[in-house]
Amino acid sequence: MPSNATLRRQRTLGGALGVIVLGFALAYHFFPRLFHVDPTQAPRRSMSMGTPAPGSQLQPERASAIAEINAGPPLMLAPAAVIAARSSKDAKLPEQLSADPPAVRAMLERAAKAMHAGQLAGDENSAAALFAQALKDKPDSRRATQGLFDVRARLVAEIDQDIAVGDVDAAEDLLDALRTLPNADEEVAQLEASLKILAKVRPMLAKAAGLLQQGKADQPSGESALDLYREVQQLDPQNAVAEQGIFQVQRAVLDRALAAVAQNDFAGADKELAAAQAIRPGSQQMLDVHKRVDDMREQRANGVLTQAHSALDAGNPGLAMKLAAQARAIDPRLATLAAFDEQLTNARLYASYKPGQMFADRYVDLPGKTPAMVVIPTGSFQMGAPASEEDHIDTELPQHLVTISKGFAVARTAVTVGEFREFVRASGYVPDSVKLGGASVYDERAGTLRDDADATWQDDYAGHKADDKLPVVNVSWNDAKAYADWLSQRTGKTYRLPSEAEFEYALRGGTHTRYWWGDAMPTRSVENLTGSGDRSRSGRRWSHAFRNYHDGYWGPAPVMSFAANPFGLYDINGNVSEWTQDCWHDNYIRAPNDGDAWINPGCSAHVVRGGSWGSSPDQVNSAYRQGANGDVRSGRVGFRVVREL
């Protein structure tokens, strides 16, 4: 363990050394010329020409060259040694007759060290001088020949780099050294030509750098940094400074694109991106910024679309539409736009339901819910029969275009006995079959309908007790309207009878044929119709029926026993005919073309549409219509309701 005296001496010595080092550092910082250092001397590259040149002030040409280099991003050039090693040329080595003597080997070792240190040429201790002397002493030395060749290759690579960055002074210094080497005439000539081009493009590069710093990257056209860099590339296609300058020009344009995005000007950003793409197509920085812009575009568009969703949820489709248009202007390719457009259309036309969607409204003051409703899409159709149709009747004319511009929902089936019973019990309503007494029911013995004073809505087509799943018959137009009004009161929604136009539109289900299943006789079980194969309980058959058709029913069938039409509606053109809202008119002259009901105040007769279990094929035609007084109750007539959206 050291004594206290030894420790004191160590501390004293350490403190003294610290003061000396600090003093040396301060002197070097404030008085560099004491150490033969000129702070104005430009740094030279690591490959020296030998003894450093005396300090001198930075020349304007040198400053210009540095300005050219500093105008753009750093030039990433491979080391000259690497470039020389990859040269495609090989040294022509002589046939060596004897080994290198010790003196030559020593000289070659010195030359290799000088080359490794970057001292290529310039004095007697440089690699070039030592290899040349070794070759003079031993002319067939392969190592000396190879070394001199490597020096020349390194010098050529070094000069190429100086020319690439626009450093004329350094290139000329090295070129002087290259001229002293044997077999360098070809390289010297090529490099001299490159220097002449460099002398011509240097002022152009300096001016381009100035324009770039002034913000004139690519504009005005013909007087921008980009124009000058392009001119330089025409003179010197391999000019690295011009290439880096163009890189920086594109960077400036891309920065403008990002600035436009920051101002939510995506159209301006697209314009700048197109300009940047034209400068350096497919560059990595171009791809990176384009992705950033696309990401910000999508983020912004999604934000606006979220506001549109909120507006739609708040019941403001007008504002939602405006916001959706803004989102589309920002990003037309936004994946969620199509779904929102559909949602917006559904909200505007179908109160946020979708065409074909089925729903039922619950009562607000009672247990229970409405019949199942089906949303009908908007559209246009030709209502009535064409005058050219062979068996048309005058009441179906003139055929006219009707446009349904607002969606509505139609009951999936005719109202059933069970549903009508719920209404009567809950409301206390007295149907006309009870209040006025009786209905027209089917007489099996006569094969026709007859009035039965005891028949009511609770009976079937023949006057017998009806099953709850059968469509309610023996109901008047007044009864049907009363049921629809009651649904409106129970739900707070608008329920009513369908207009005649709505009924035919829903019945056709988008078809243009005689029947919704086509123009010909049905080949499958489609509706409860009069078929030649049907028989009554006593064996009766229809005198005018669909040939070769048999549905198994004589009289109404339970609802949904047959196929639905293209709009998803059951029994729309069979089973029972149905009341509509319209007053009866003998033809369609002056009929509405917007799907509204054609009503004359105080009218007593109303339109009945759709075929029934007892309708002839002519009466099942999609255009067929008939009228009946509003108090008529028949075993062939029922109804279904419409809900406004």
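1. Start with one residue pair. Ala605 stands opposite Asn629, and Asn629 belongs to strand 11. Keep in mind that this is a predicted model.

2. The pair sits where two strands meet. Strand 10 covers residues 605-609. Strand 10 and strand 11 run antiparallel to each other, and 5 bridges join them.

3. Turn next to a pair of helices. Helix 6 spans residues 142-164, and helix 7 spans residues 168-179. Their axes come within 9 Å. They cross at roughly 160 degrees. Angles over 145 degrees count as roughly antiparallel, so helix 6 is roughly antiparallel to helix 7. The crossing of helix 6 past helix 7 is left-handed.

4. Helix 6 also matters for the second largest pocket, as a source of lining residues. This pocket holds about 320 Å³ of space. It is lined by 15 residues. Closest to the pocket centre are Ala91, Lys92, Phe149, Arg152 and Asn183.

5. Which helix gives the most to the lining of this second largest pocket? Helix 6 does, with 4 residues. Helix 8 (185-213) contributes as well: helix 6 and helix 8 each supply at least two residues.

6. Lys92 and Arg152 are among the residues closest to the centre, and Lys and Arg both count as charged. Ala91 and Phe149 are also among those closest residues; Ala and Phe count as nonpolar.

7. How many cavities of 30 Å³ or more does the structure hold? There are 3. The largest cavity has a volume of about 60 Å³.

8. The lining of the largest cavity draws on residues such as Met383, His400, Glu500 and Ala501. Asp582, Tyr588, Ala591, Pro592, Asp596 and Trp598 line the largest cavity too. By class, this lining has 6 nonpolar residues, 3 charged and 1 polar.

Methods
Residues are numbered from 1 along each chain as its sequence is written. This is a predicted model: local features need pLDDT of at least 70, side-chain atom pairs count only at pLDDT 80 or more; totals for chains, interfaces and linings use all residues. Side-chain values use heavy atoms; hydrogens and water are left out. On a 1 Å grid over the protein atoms alone, a cavity is a set of points where a 1.4 Å probe fits but cannot get out, and a pocket is an open set with protein on both sides within 12 Å along at least five of seven lines; lining residues have an atom within 4 Å of a point. Grid points are joined across faces, edges and corners, and a volume is the space filled by probe spheres set on the points. Two strands pair if DSSP finds at least two bridges between them. Axes are lines fitted to C-alpha atoms, for helices over the stretch in contact, and angles run from 0 to 180 degrees between N-to-C directions. Angles under 35 degrees count as roughly parallel, over 145 as roughly antiparallel, 65 to 115 as roughly perpendicular and the rest as oblique. A crossing is left-handed if the near helix is turned anticlockwise from the far one by less than a right angle, and right-handed if clockwise.
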